[in-house]
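This report is for a reader who is meeting the structure for the first time. Please look over the sequence and the model before reading on.

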Amino acid sequence: VFPVIGQAPSDSIVTNALIRGPMHGDSVTYLSLAGDAASVLSVDNSGTAKVWSLADGRTRWSAALSTSENALLSGGFSPDGRFLVTGGLEGVAYWWDLDQTNLPPLAVLPGHRITGQGEIVATWFASDGRTAFSAGSDGTIRRHNLEELSSLTGLISLAERRLGISR
C-alpha cells in the first residue's frame, strides 16, 4: 500500500483526472492505494470512506459512520483487497468488508480510547491479512486479531438468527 499523507481538498484529483471531485462532502484526510493498484481508498472528516476504481473513476464501495466524533484519519486495504481497516478521532478502528456497502463495519476494534486520549493516526494490515494494526496519538500501537473477531462475529450472527434478532 502506498499511502498519500496529508490534507487534500474535497475536489481532489487522483491519477491525472480519473477521479474528479467532488469526491466527498468534507475534506479528504487520507488516501491509500490497493495492492493491485486498481483502486484507491479515500476517507474524510465526516466519517465517510470510499473506494474508487482507477480504471473509470467510479465509486466501487462507500460507507459512513454516524457518530459524534466520526472523522476518519487513516485507512488501508487488506493484502487480498477484500477488506479495509480505518481509524480516526474516536480512538477505535473499524474493520470493513468491501462486499457490504453502506452497512455497519464487521467489527469495531477498540484500544486507544482506553487512555482517555487517542485518535487513530495510522491503520494497516499485516501481510497475513488476519492481523490489523492501529497507531494512536496516545503513543500506542495496537494489534487486532481479525481471525478471532471473525469467529466471534460468526457466532453472534448465528445466535441472532436463531433468536430472531435483527439489527
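## Terms and confidence

A residue is called buried when its relative accessible area is under 20%, exposed when the value is over 50%, and partly exposed in between. With a relative accessible area of 41%, Arg130 is therefore partly exposed.

The model is predicted. The protein chain has a mean pLDDT of 77, and 71% of its residues reach 70 or more. Confidence in the chain is highest in strand 6, at 94, and lowest in strand 1 (residues 4–8), at a mean of 42. Over residues 1–18 pLDDT stays under 50, and the model has 44 contacts beyond four places in sequence for this stretch. Where pLDDT is low, the predicted coordinates should not be read in detail.

Four strands make up an open sheet with antiparallel pairing, in the order 6-7-8-9. Strand 6 (72–77) and strand 9 (107–109) are at the edges, and each has a single partner strand, so one side of each is left without a neighbour in the sheet. On average, neighbouring strands of this sheet are turned by 25 degrees against each other, direction ignored.

Strand 8 (residues 93–97) pairs with strand 9 in the antiparallel sense, over 3 bridges. At one of these positions, Trp95 has Ala107 of strand 9 as its bridge partner.

Strand 10 and strand 11 run antiparallel and are joined by 5 bridges; Ile120 has Gly136 in strand 11 as its bridge partner. These two strands form a hairpin with 5 residues between them, and Gly129 in the turn has a positive phi of about 75 degrees. Strand 11 (residues 131–136) is also joined to strand 12 by 5 bridges, and this pair runs antiparallel. How many of the 6 residues of strand 11 are buried? The number is 5, and the strand is mostly covered.

## Nonpolar cores

The largest nonpolar core has 16 residues, of which Leu41, Val51, Trp61, Phe77, Leu84 and Trp96 touch the most other members. Strand 3 (39–44), strand 4 (48–53), strand 5 (59–64), strand 6 and strand 8 each supply at least two residues of this core. Apart from this core lies another, of 10 residues, among them Ala107, Ile120, Phe125 and Ala132.

Which residues does Trp96 contact, leaving aside its neighbours within four places in sequence? They are Trp61, Ala63, Leu65, Arg82, Phe83, Leu84, Thr86, Leu103, Pro104, Pro105 and Leu106.

## Leu146 at helix 1

Leu146 belongs to helix 1 (residues 146–163). Its relative accessibility is 3%, so Leu146 counts as buried. Beyond four places in sequence, Leu146 touches Trp95, Leu109, Phe125, Gly129, Arg130, Thr131 and Ala132. Leu146 and Arg130 are 16 residues apart along the chain, and their C-alpha atoms are separated by 5.2 Å.

## Salt bridges

The structure holds 2 salt bridges. In one, the side chains of Arg82 and Asp80 meet at 3.7 Å, N to O. Arg82 counts as partly exposed at 44% relative accessibility, and Asp80 counts as partly exposed at 47%.

Another salt bridge joins the side chains of Arg130 and Glu147, also with 3.7 Å from N to O. Arg130 lies in the loop between strand 10 and strand 11 and Glu147 lies in helix 1, so this pair ties together parts that are 17 residues apart in sequence. Like Arg130, with its 41%, Glu147 is partly exposed, with a relative accessible area of 46%.

Note on methods
Residues numbered from 1 in each chain as written. Predicted model: local features only at pLDDT ≥ 70, side-chain atom pairs only at ≥ 80, totals over all residues. Heavy atoms only, no water. Pairing = 2+ DSSP bridges. Axes fitted to C-alpha atoms, helices over the stretch in contact; angles between N-to-C directions. pLDDT = per-residue confidence, 0-100. Contact = heavy atoms within 4.5 Å. Buried < 20%, exposed > 50% of the residue type's maximum accessible area, 1.4 Å probe, protein only. Core = buried A, V, L, I, M, F, W, Y, C linked by side-chain atoms within 4.5 Å. Salt bridge = Lys/Arg side-chain N within 4 Å of Asp/Glu carboxyl O.
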